[in-house]
Amino acid sequence: MKLNMPDPILIPAKTTVLLVFLPSVSRREAIGQPASLIKFVQSLQQQVGESVRVLRIDEPMHPEVVRSFAITHLPAFVLVQQGVELWRYEGASDENSFSAVSQRLLHN
């Protein structure tokens, strides 16, 4: 057993999950991503309530998960339900992309 490994996240199978893939902090700063991205991710769960579980996946902590979803541009948002990908948004993080993600979740 490895020490310092995070406990697995147990989520009921029927729950819809939004996976939010984030680049490393230094990479976010290098490409000029706004600090509002983190605030946006934190507020998503409040916006969608119990209908969608929002999980943040930091690239440096979970590179294998990022690879398994074949993410090409960060940040990325992937909506999954019962192991099926329902929707994906990759790339720029500006107010328009935040709005697109929010609208998709609220109308899911």
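Predicted model: local features only at pLDDT ≥ 70, side-chain atom pairs only at ≥ 80, totals over all residues.

Student: How many residues sit between the strands in the hairpin of E3 and E4?

Tutor: Two residues lie between them, and Gln 82 in that hairpin takes a positive phi near 50 degrees. E3 and E4 themselves are antiparallel and share six bridges.

Student: OK, zoom out. What is the strand order in the sheet?

Tutor: The order is E2-E1-E3-E4, in an open sheet of four strands with mixed pairing. Strand E2 (52–58) and strand E4 (84–90) are the edges, each pairing on one side only. From one strand to the next, the twist averages 20 degrees.

Student: Where does the mixed part come from? Do E1 and E2 run parallel or antiparallel?

Tutor: Parallel: strand E1 (residues 16–22) is joined to E2 by seven bridges. E1 and E3, by contrast, run antiparallel, with six bridges joining them. There, Leu 19 has Val 78 of E3 as its bridge partner.

Student: What holds paired strands together in general?

Tutor: Backbone hydrogen bonds, in either the parallel or the antiparallel arrangement.

Student: Different topic. Is strand E3 mostly covered or uncovered?

Tutor: Mostly covered: E3 spans residues 76–81, and five of its six residues are buried. Buried here is under 20% relative accessible area.

How values were computed
Residues numbered from 1 in each chain as written. Heavy atoms only, no water. Pairing = 2+ DSSP bridges. Axes fitted to C-alpha atoms, helices over the stretch in contact; angles between N-to-C directions. Buried < 20%, exposed > 50% of the residue type's maximum accessible area, 1.4 Å probe, protein only.
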